[in-house]
Amino acid sequence: MPVHGQVKIRTSAEQKAARERERAEKLQLYLTEYESILNNRQLTDLFALLKQTENTLINHPDCFTLWNIRREVILKLDNDKQKEYLQKELQITQLCLKSNVKSYSCWNQRQWCLKQLKENFDLNLYQNELQLCQKFLEIDERNFHCWAYRYYLLEHLCPSSSSDIETFYDNELTFLRSTIGHNLSNYSAWHYRSKYLDKLLEHNPIRRSNLLLKEWELVLNAVYTDCSDQAAWFYLRWLLFKQLGVESITETEHIKPLEELDEIESENKWCMLALCQLWKEKKINDDKRRNYLERLANHIDTDRAAFYRDQI
Amino acid sequence: MFEGLPREYDVIVVGTGMVESILAAACARNGKTVLHIDTNEYYGAEWASFSLNGLIEWTQMQENPKIDIDPQDDNEKILPIGNPLNVFRNVELKWNIEKTNEQTTTTENESTKPITLDVLEKQSRKFNIDLTPKLYYASGGLIDLLVQSNVGKYCEFKLVSRLLFERNGQIDNVPSSRADIFNSNDISLIDKRLLMKVIMNCSSMAVEDLNEEHDIPFIEYLKKQKLNDTLCHLIINSISMVDYNASTKEGIIKAKRYLDSIGRYGNSPFLYPLYGNGEMCQCFCRLCAVFGGFYFLRFPLAGFTIDSLNNQCTGIVSTTGERFRAKDMVICNNSFLELISSNKNVIHRTVLFTNKSIQSSEKEEVTYLRLSAQNKTGIHIIEVGFGPGCAPDGFFLLYIFQESSSENTDEIIEQLLRLTGDNFTRDNILGQLTFDQVDTMSTSSSSSTLSKLIVTHGPDGSIDHDSAVEAARNLFYEIYSNREEFLARAPDPEDIIIEGTDNTDETNNTDETSTTNTATDDTLATKTSTDTEAL
């Protein structure tokens, strides 16, 4: 092992000290760069400014001011150069996103770039962006920045012809179904599912009863599999009260399965609350409803006691 | 042939099996000088993996001629070794394909020619066939040891992507995670809830929570939770993986182990090493070598030297009379000692060479199927192919073994073929290797009459390595008591400084002093071609 010279291994104290030194150096470097950029802001060498800000942002992607400066500079360029630099901007933000996938400024910058390029709508560009979103979602399927960006893209990718739109919505719903299949708790996926279901139903009301039946089966499956997952319960209540509507809610189809679930899981607040709301709308089981609300307020979910009492 | 090799060490380890290799690494890591030998020309002993040609050679294994060595003085006795390969009995390798295709049918399409043995032999190196196939729980046991000691950076793993069980006369996927249960179309809503409830209970229960309520057999406990027969079988067979007469305590502890392991590296609780299980022994040997251990394969071992005054083992002696001394201890696998010939317990192992997976899939899978029933011990079936680098593309290895052998191989294969139906038939079996492996775990170390000789055992019939890791750890503490740490984490290159060179915070990493020349990863990377890399 040691051929010549002594070999030492850093103690944890030494490791810590080394890390502190590294951090201090990095901070010093950043402050120097930042000051220099601010000084150069008013100068005319735009490309140099872009280069400077790029170097700093790659290591510190969350600095709003520096992204601001870049936007200022790009807007000052003439049209051809602008287009070129907007494309480059997308690449730069991608690099920055590698170090922080949830950076507000990076996602914002991407959206800004697309907005600027809108006059030259490029299908390939949007498709590429969609692919990128897919990759980011694979890394973290709950990255809400990525979801929001994805839906921004889909708004613009939505086809105009009537028959295509329906396939488009159906495809999206299939994608969302598989995402939920991976992780029931993915609130973003349920949320966007509700949005797209709305759009699909608006576009083609004939499919209404069939679609809503399938949705009900899906969400019932979800709450039976994991009765403590909020995302599914929120969707269930939305589906029942906002989509189906009170008149369409039936005792056999909707209320009974929840009552059965309640029998197995007797202290589940979500189930109890959903039942209370259903019984209220359908004007049945009033005593039981009051009893449940009392129990929720006094034992099960005392933090929200006032909320339950209000409903009695 | 021993020129340059020192004659004295702190520890001499005989046999490069799993337990010995972990111990050798642990001793070297703590600064002991180690000589690690094996009489075979390969690493791993009973745990080794072979190429196809290597395996064929192994089936024709030779008996080493016994050479008697005379003691060098009155105080010395010699304990001769037996043939360590005697742990294997009834080795049979049968092929269902022709040796070679002698017809010169140039007009015939290449792809419709029946496969012949020489074609497989040409791709011999693409095979990595385990003598002792095992799976690795993602949490606990060997994986934790690999991560903790940083030996993990020497190996790569694949997730066991497909877990199967028997349902209604067919093979089906095991639903064990929330996502699996949600997506299953075969379980009613109420059953889904009941199953999830039991699973969540098992996961969250601590050993202290077990009380008299749990003194009943596991199957009764599950029935009390209102699970139907299929779901009871699912939990007993594929999640807890215990016998039908297991206690509730055992069932819950093992279920918890399984469930805790899901999600750590992916949607499955098990990993399988790239290039087969033989790699594992080599990884620990590598750590030992890096910390100064000496390695000698094909060591011509005649026996052990004993100090007859103190009845103490003092080292080993070669067939040429060269002696090597061990100051602290000699660690030796019990297959070298002639005690095992009286051992009756055997593990029946089978390796099938196939050209089709037992259940077709779009992507490469590593498959584990466990079969069991009331009054029948669990049968483990592992299928590996091209994915983990164990077979050429289009071919598979099917490992079959039991915890404690009660059924014969042909019956088990019949049972499997009934389940796979038309998807996989006898025609898909190109060759079959069967052998018996003596279960040396149940051998009592009767050589404990000798001091300074620690005897280790070989593999058992279980699916995991826990017993081997436990044994290594316990033996280590037996030798060194709790003074020493067992396989402390090896330092990362950045944290190594060389004194006498001008550095304040720089790290110096010359080749001579770095402890590794592979990339440092803090955790194991499971590389899969289509799945996301786990961090």
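Trainee: What makes you say that helix H2 of chain B lies across strands, and which strands are they?
Mentor: Remember that this is a predicted model. Contact needs heavy atoms within 4.5 Å. Helix H2(B), residues 52–59, lies across S5, S16 and S20 of chain B. Its direction is about 130° to S5(B).

Trainee: Which sheet do those strands belong to?
Mentor: An open sheet of eight strands in chain B, in the order S5-S20-S16-S19-S18-S17-S9-S10. The pairing is mixed.

Trainee: Why are S5 and S10 of chain B called edge strands?
Mentor: Each has a single partner strand, so one side of each is left without a neighbour in the sheet. S5(B) covers 88–95, and S10(B) covers 170–173.

Trainee: How do you know that S16 and S20 of chain B pair?
Mentor: Pairing takes at least two bridges. S16(B) and S20(B) share nine bridges, in the antiparallel sense. Therefore they count as paired. Within S20(B), Phe435(B) is the bridge partner of Arg349(B).

Trainee: How do you know that the length of helix H12 of chain A agrees with its residue count?
Mentor: Its 14 residues, 251–264, should span 20 Å at 1.5 Å a residue. The end C-alpha atoms are 19 Å apart, which agrees.

Trainee: What makes a residue of H12(A) buried, and which ones are?
Mentor: Buried means under 20% relative accessible area. The buried residues of H12(A) include Ile255(A), Leu258(A) and Leu261(A). Among the elements covering the buried residues is helix H6 of chain B.

How values were computed
Residues are numbered from 1 along each chain as its sequence is written. Chains are lettered from A and ligands numbered from 1 in the order in which they are written. This is a predicted model: local features need pLDDT of at least 70, side-chain atom pairs count only at pLDDT 80 or more; totals for chains, interfaces and linings use all residues. Side-chain values use heavy atoms; hydrogens and water are left out. Helices (H or I, at least four residues) and strands (E, at least two) are DSSP runs, numbered from the N terminus. Axes are lines fitted to C-alpha atoms, for helices over the stretch in contact, and angles run from 0 to 180 degrees between N-to-C directions. The expected span of a helix is 1.5 Å times one less than its number of residues. Buried means under 20% relative accessible area, exposed over 50%, partly exposed in between (1.4 Å probe, protein chains only).
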